[in-house]
Amino acid sequence: MKTFPTIEAMAFLVMLFLASCNPKQQQNTVAGNETDTLAVMQRGDSIANAMQEVLLQNVMTATKKGGPVYAVAFCNERAVSLTDSLSKVYSCQIQRISDKYRNPANKPNENDEAVLLKLKSSNPVKPFLVSENGQNIYYKPIKIAMPACLNCHGVEGKEITMETLAAIRKKYPDDMATGYKEGDFRGMWKITFMEK
């Protein structure tokens, strides 16, 4: 009679082992990973949208206060500090990356260049997530969203006045961020989530 509980215990352990090899359970793990990926994508999108809104509101306020020339000075002096402060709030690193950058801090690294190429060649351009060195990195395209953006990023001598162009060249001597039309792909948000 003492062998009965042992056989039942062994049978229970065998069933538990077999259940752990169940493909449905493996699918649940995959689904869990997909859920985690979706959550990170949603968080990245939320942060990118918040950053975009903060920058646009501040640039529009600066433009109303002193026109595009004043907005150029504002961006030169405040855009990086706004980005850094929101990076702290969201516990991540927020960057704007472009192959036609204005600020050299937005210059892409080798991995970013590959992502830019991928985003430019996809239609429609969609956000995506990569894992690099154990960190999740969310990329979201930035487009020239409205005609007001062309005051500083449009065609020189057409949308960009000579006065504004002079201010851009003074603050950013190596500027490449002009010649755009509304709706053009401008670059991407890069949001790196810090390891916990």
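**Close-up views of a predicted model**

**View 1. Asn 133 lies in the loop between E2 and E3.** Helices (H or I, at least four residues) and strands (E, at least two) are DSSP runs, numbered from the N terminus. This is a predicted model, where local features need pLDDT of at least 70 and side-chain atom pairs count only at pLDDT 80 or more, while totals for chains, interfaces and linings use all residues. Residues are numbered from 1 along each chain as its sequence is written, and side-chain values use heavy atoms, with hydrogens and water left out. The E2 and E3 hairpin has two residues between its strands. Asn 133 has a positive phi of about 50°, although it is not a glycine. With a relative accessible area of 73%, Asn 133 is exposed (buried is under 20% relative accessible area, exposed over 50%, partly exposed in between, using a 1.4 Å probe and protein chains only). Leu 129 sits opposite Tyr 138 of E3.

**View 2. Four strands make an open sheet in the order E1-E4-E3-E2.** The pairing is antiparallel, and two strands count as paired if DSSP finds at least two bridges between them. At the edges are E1 (92-97) and E2 (128-132), each pairing on one side only. From one strand to the next, the twist averages 25°. Axes here are lines fitted to C-alpha atoms, for helices over the stretch in contact, and angles run from 0 to 180 degrees between N-to-C directions. Helix H3 (residues 110-121) lies across E1, E2, E3 (135-143) and E4, at about 130° to E4.

**View 3. Ser 91 comes in the loop between helix H2 (23-90) and E1.** Here's another non-glycine with a positive phi: Ser 91 has one of about 55°. Ser 91 is partly exposed, with a relative accessible area of 48%. Moving on to strand E1, six bridges join it to E4 (residues 185-193), and the two run antiparallel. Cys 92 stands opposite Phe 193 in E4. Cys 92 is buried, at 4% relative accessible area.

**View 4. Phe 193 belongs to the largest nonpolar core.** Such a core is a set of buried Ala, Val, Leu, Ile, Met, Phe, Trp, Tyr and Cys residues joined through side-chain atoms within 4.5 Å. Of the 18 residues in this one, Met 51, Ile 94, Trp 189, Ile 191 and Phe 193 touch the most other members. H2, E1, E3 and E4 each give two or more residues, and H2 gives the most, with 11. A second, separate core of nine residues includes Val 115, Leu 116, Tyr 139 and Phe 185. Back at Phe 193, leaving aside neighbours within four places in sequence, its contacts (heavy atoms within 4.5 Å) include Val 40, Ile 47, Cys 92 and Tyr 138.

**View 5. Which cysteine sulfur is closest to that of Cys 75?** The closest is in Cys 152, at 6.8 Å, which is too far for a bond. Cys 75 counts as partly exposed, at 25% relative accessibility. A search of the whole structure turns up zero disulfides, where a disulfide is a pair of cysteine sulfur atoms within 2.5 Å.
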